[in-house]
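Dear colleague,

I am handing over a structure for your records, and my notes on it follow below. Please read them with the model open beside you.

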Amino acid sequence: MIPDIRKPYGDKIIRKLSDIKSLFADQKAVEEILAKDDPVIYEVYALPVPSDGDNLVIGTTILFPGRVGNEFYFTKGHFHNDPDAAESIMGLEGKGLALIQDRNGKFESHELTPFSHVYSPPGFGHRVVNVSDENLVFLSICRADVGHDYETIMADNFAMKVVATDKNLYNYEII
Ligand code: S6P
Ligand code: ZN
């Protein structure tokens, strides 16, 4: 039984499809969805701490299941401004992939399942993808002073896309 780790957390971020729409490959599918609705893709709950290097930000992300076209829902993704700042990502519920890549084009994907751990080394950006039909819940821990570079991802996106290979089943491939 996993405790509800959201309860002690103070800060909450909600990201909807409209916030990250340009990152999805199938823009026709984006427009079709947004014509009817603006679904929440994920929520992040974090413990508020001073933003200095002595503190750690511990965040819980709930990434909902879904697809845009054949591409699974994912987090926006980011690099840390501080190239020396790593991050620890731990799966709590559901099934997904943690994509990590550095600024020189090196990239890897790692399965994220309950109690698995993915290490995003210094210099690597990270994005998480939900490849199941259930919520994917994971914990992230990094120093509080890392700074988040979202601009690079918004401009260049991630090197990997995770798409469904079947209309009904949640089989996936990384392209
Ligand atoms: C922060 C850590 C996570 C993410 C969260 C949402 O360093 O990686 O808490 O903030 O998973 O992803 P994003 O890319 O929108 O910040
Ligand atoms: Zn991070």
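Three strands form an open sheet in the order 9-8-11, with antiparallel pairing (strands are DSSP runs of E, at least two residues, numbered from the N terminus; two strands pair if DSSP finds at least two bridges between them). Its edge strands, each pairing on one side only, are strand 9 (107–112) and strand 11 (124–130). Strand 8 (residues 96–102) pairs with strand 9 in the antiparallel sense over six bridges, and Gln101 has Phe107 of strand 9 as its bridge partner.

This is a predicted model, in which local features need pLDDT of at least 70 and side-chain atom pairs count only at pLDDT 80 or more, while totals for chains, interfaces and linings use all residues. Residues are numbered from 1 along each chain as its sequence is written, chains are lettered from A and ligands numbered from 1 in the order in which they are written, and side-chain values use heavy atoms, with hydrogens and water left out.

His78 counts as buried because its relative accessibility is 12%, and Glu87 is buried at 6% (buried means under 20% relative accessible area, exposed over 50%, partly exposed in between, with a 1.4 Å probe and protein chains only).

Yours sincerely

Conventions: Helix = DSSP H or I, 4+ residues; strand = E, 2+ residues; numbered from the N terminus.
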